[in-house]
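Visitor: Hi! I'm new to this one, could you walk me through it?
Guide: Happy to, let's bring it up.

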Amino acid sequence: YLSSTLAALSASKRAVVQVSGGRDSRAMLELVAPHMRDTDFVVMLLTGDAPSETLAFAGELEKRFANVVVLNSDSVADRELNGHPSPVVLSDQPVFADVLRTRSQFDCCFANIMLPLYKFTLGLQPDLILRGQRNSDEHKSPLSHLNESDGIIYAYPIADWTDEQVNLYLADRLPDFYKTCSDAPDCMTCTGYWGRG
């Protein structure tokens, strides 16, 4: 996956490396960074509810790369307006009380992360998008490694890596939230990920 990604990067006119601040995107970025050109971009989106480790990582990116864009959404305001991601429903409320509106976890992530990131990335007119997606991910794009959609090729250079391989590769660069979380929290107060560490 890595060698074919680097070949696609070399053949592309403009690549966009999308990072979230989680371990997979950090590892992917470290692998491809030495091969990036002046025409390539690193793009990250902060949800307005990110952990401190993710905010610090965004600051590091801005110092390290010339073409970095850190986008912002407001997931807290969006959840208040459109509902909180399930599976959590308030059970301590009396039956006659107003209950918290809920929606699927995917709907919330789509509105606050995926769609704004995708729209902005399209504006950069890339022909290649690199992501830290792995084959073992529970939530992932339906596109496979080096699939094309709308004239853009999607590459996943660490698709075949395990959690352990990513952790070993990052070593002391692994975000602290992995000491207690099994996934990278995009939103610290996300109710959709309760029960997953």
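Visitor: Where do helix H4 and H5 sit, and at what angle do their axes cross?
Guide: This is a predicted model. In it, helix H4 covers residues 75-82, and its axis comes within 10 Å of the axis of H5, crossing at roughly 140°.

Visitor: What do you call an arrangement like that for H4 and H5?
Guide: The two are oblique to each other, because an angle has to be over 145 degrees to count as roughly antiparallel.

Visitor: Is the crossing of H4 and H5 left-handed or right-handed?
Guide: H4 and H5 cross in a right-handed way.

Visitor: Which residues make the contact?
Guide: From H4 there are Ser75, Asp78 and Arg79, and from H5 there are Cys108, Ala111 and Asn112. Sorted by class, the contact of H4 with H5 has two nonpolar, two polar and two charged residues.

Visitor: Okay, now the sheet. How many strands form it, and in what order?
Guide: Six strands make up an open sheet, ordered S3-S2-S1-S6-S8-S7, with mixed pairing. At its edges lie strand S3 (68-72) and strand S7 (147-149), each of which pairs on one side only.

Visitor: By how much are neighbouring strands turned against each other?
Guide: On average by 25°, with direction ignored.

Visitor: And what joins S7 to strand S8?
Guide: Three bridges do, and S7 and S8 (residues 152-155) run antiparallel. If you'd like a spot to look at, find Asn147, which stands opposite Tyr154 in S8.

Visitor: Which helix packs on the sheet?
Guide: That's H5 again, residues 105-123. Helix H5 touches strand S1 (15-19), strand S2 (41-46), S3, strand S6 (128-130) and S8. The direction of H5 makes about 150° with that of S2.

Visitor: Let's go to H2. How does it pack with helix H3?
Guide: Helix H2 (residues 23-32) and helix H3 (residues 52-64) pack at an angle of about 15°, and their axes are 13 Å apart. H2 and H3 are therefore roughly parallel to each other.

Visitor: Which residues touch there?
Guide: H2 brings Arg26, Leu29 and Glu30, while H3 brings Glu53, Thr54, Phe57, Leu61 and Arg64. The residues in this contact of H2 with H3 are three nonpolar, one polar and four charged.

Visitor: And what about H2 with helix H6?
Guide: Helix H6 spans residues 163-170, and the axes of H2 and H6 come within 10 Å, crossing at roughly 60°. So H2 and H6 are oblique to each other.

Visitor: Which way does that crossing go, left-handed or right-handed?
Guide: The crossing of H2 and H6 is left-handed, and the crossing of H2 and H3 is left-handed too.

Visitor: Which residues meet between H2 and H6?
Guide: On the H2 side you'll find Arg23, Asp24, Arg26, Ala27, Glu30 and Leu31, and on the H6 side Asp163, Val166, Asn167, Tyr169 and Leu170. That contact of H2 with H6 has five nonpolar, one polar and five charged residues.

Visitor: Last topic: how many salt bridges does the structure hold?
Guide: It holds nine salt bridges. One to look at pairs Asp24 with Arg134, where the closest N and O atoms are 2.9 Å apart.

Visitor: Where in the chain are Asp24 and Arg134?
Guide: Asp24 is in helix H2 and Arg134 is in the loop between S6 and S7, so this pair links distant parts of the chain, 110 residues apart.

Notes: Residues numbered from 1 in each chain as written. Predicted model: local features only at pLDDT ≥ 70, side-chain atom pairs only at ≥ 80, totals over all residues. Heavy atoms only, no water. Axes fitted to C-alpha atoms, helices over the stretch in contact; angles between N-to-C directions. Helix = DSSP H or I, 4+ residues; strand = E, 2+ residues; numbered from the N terminus. Parallel < 35°, antiparallel > 145°, perpendicular 65-115°, else oblique. Left-handed = near helix turned anticlockwise from the far one by under 90°. Contact = heavy atoms within 4.5 Å. Nonpolar A, V, L, I, M, F, W, Y, C, P; charged D, E, K, R; others polar. Pairing = 2+ DSSP bridges. Salt bridge = Lys/Arg side-chain N within 4 Å of Asp/Glu carboxyl O.
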